[in-house]
Every structure is written in structure tokens, then in C-alpha cells.
Amino acid sequence: KYDQSLRFVASPATGDGIIVVPTAKGAPVIALKPDGKGDITNNSAVHLWKYAKTPDVPSPLIHAGLIYLMQDGPFHVLEEKSGELVYLKRISGEKYRASPVYADGKVYLTARTGIITVIKAGRDYEVLAENDLGEPISASPVFSNGTLYLRSFEALWAIQQGDGL
């Protein structure tokens, strides 16, 4: 019989000397050294730390010594080296399928309903903006050459800062 709690969806993320691996729903996030070989299941020399709450779908974001984990509502920020919790905030009660994305000092959190919350990157929680795309979205935002791309179920949005004209 299929057990939904054993599915693996979120992808690992890599940083400087670390691989952050989300596991099955309801299981921990595991941080590993990248030099492990073979079966490392019980190799404590390769394990850096564990954190009790794995994201279901969104992959972790690693930036500037911090790890950002988005669950369905709870937003966890951890120390990269130790796995210690820096802060935990409830963003909303929405489902999150898109991974957190970093750009220009900000972390973008995209809810399934199309609400995009922009958080200041760093140790202190600060919401900079909240925008409602007005349609469902599951894809992670993408930034390229000053343009924010959002792919909803119905459209591809390209958003740029205006030039004041």
C-alpha cells in the first residue's frame, strides 16, 4: 500500500561544505558534509546536524550562512553550520509548492494561491512586501537580467521595475 508520508519531493540544496537534504514528509532535514562515500546512513562523521521539520515540496534555500525552509505556513530560518533555529514565523495558512528564492537582498515566498511574500534576507524577520498575483501558482520565481518571471497555471508573467515614464 502507498504511504504518502514517505514521498520525497523537495530537492537537496548545497552551500559551502554542506548539503542540506529534505527527507520524507514528517521526517527531519539532514545536513551532510559533501565528502561522504558509499552508504552514509549511520556515518556520523558525514552528518553535520538534523532539524526536525522537513519541507514537503519547497526545496531549501541557502544564502549567507542561513538556511530558509518553507512549509505550508511556517517559515524556518536556520544557522547553516549548526542547524540552530534563528527564527520561525507563520507566513500564512496557505500551501507552498514553490521554493524560496533569493534576489537582491530579499527572499521571495510564493504561496499556491498566488500570494508572494517578500522577506528581507538575514537574521531579523521583516516583511518588505506582499503581492497577490490573483491566480494559482506552484512554480518557483525566476530572476534574470532585472526581470522577475512567474509561471502560473494560466500565464507567464515578466515583471520589471518601471523607468519612471
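**Close-up views of a predicted model**

**Figure 1. Lining of the largest pocket.** In this predicted model, 18 residues line the largest pocket, and those nearest its centre are Tyr 108, Val 118, Phe 143, Leu 148 and Ile 159. Two or more lining residues come from each of strand E10 (106-110), strand E11 (115-120), strand E12 (127-132), strand E13 (142-144), strand E14 (147-151) and strand E15 (156-160). E14 has the largest share of the lining, with three residues. Sorted by class, the lining holds nine nonpolar, six polar and three charged residues. The space in this pocket is about 420 Å³.

**Figure 2. The open sheet E1-E2-E3-E4.** Four strands make up this open sheet, in the order E1-E2-E3-E4, and their pairing is antiparallel. The edges are taken by strand E1 (13-15) and strand E4 (47-51); each has a single partner strand, so one side of each has no neighbour in the sheet. From one strand to the next, the twist averages 20°.

Figure 3. E1 and strand E2 (residues 18-21) run antiparallel and are joined by three bridges. Ala 13 lies opposite Val 20 in E2, and Gly 15 has Ile 18 of E2 as its bridge partner. Two residues lie between the strands of this hairpin, and Gly 17 has a positive phi near 75° there.

**Figure 4. The two faces of E2 and its pairing with E3.** In a regular strand, side chains alternate between the two faces of the sheet. The covered face of E2 carries Ile 18 and Val 20, and the uncovered face carries Ile 19 and Val 21. E2 is also joined by three bridges to strand E3 (residues 29-32), and this pair runs antiparallel. Val 20 has Ala 31 as its bridge partner in E3. Val 20 also stands opposite Ala 13 in the pairing of E2 with E1.

**Figure 5. The open sheet E5-E6-E7-E8.** This open sheet has four strands in the order E5-E6-E7-E8, with antiparallel pairing. Strand E5 (61-63) and strand E8 (85-90) are at the edges, and each has a single partner strand, so one side of each is without a neighbour in the sheet. The twist from one strand to the next averages 15°. Strand E7 (residues 74-79) runs antiparallel to E8, and five bridges join the two. Within this pairing, Pro 74 is opposite Arg 90 in E8.

**Figure 6. The largest nonpolar core.** In soluble globular proteins, nonpolar side chains tend to be buried together. The largest nonpolar core in the model has 14 residues, and the ones that touch the most other members are Tyr 68, Phe 75, Ile 91, Val 107, Leu 109 and Ile 119. Strand E6 (66-70), E7 and E10 each provide at least two residues of this core. E6 gives the most, with three residues. E10 also gives two or more residues to the lining of the largest pocket.

**Figure 7. Gly 65 in the loop between E5 and E6.** Gly 65 is located in the loop that lies between E5 and E6. Gly 65 is 27 residues from Ser 92 in sequence, and the two are 25 Å apart in space, C-alpha to C-alpha.

**Figure 8. Asp 104, a loop residue with a positive phi.** Asp 104 is found in the loop between strand E9 (101-103) and E10. Asp 104 is not a glycine, yet has a positive phi of about 50°. With a relative accessibility of 65%, Asp 104 counts as exposed because the cut-off for that class is over 50%.

**Figure 9. Asn 145, a loop residue with a positive phi.** Asn 145 sits in the loop between E13 and E14. Asn 145 has a positive phi of about 50° and is not a glycine. The relative accessibility of Asn 145 is 79%, so Asn 145 counts as exposed. E13 and E14, on either side of this loop, are among the strands that give two or more residues to the lining of the largest pocket.

How values were computed
Residues numbered from 1 in each chain as written. Predicted model: local features only at pLDDT ≥ 70, side-chain atom pairs only at ≥ 80, totals over all residues. Heavy atoms only, no water. 1 Å grid on protein atoms, 1.4 Å probe; cavity = no way out; pocket = protein on both sides within 12 Å on 5 of 7 lines; lining within 4 Å. Points joined across faces, edges and corners; volume = space filled by probe spheres on them. Nonpolar A, V, L, I, M, F, W, Y, C, P; charged D, E, K, R; others polar. Pairing = 2+ DSSP bridges. Axes fitted to C-alpha atoms, helices over the stretch in contact; angles between N-to-C directions. Core = buried A, V, L, I, M, F, W, Y, C linked by side-chain atoms within 4.5 Å. Buried < 20%, exposed > 50% of the residue type's maximum accessible area, 1.4 Å probe, protein only.
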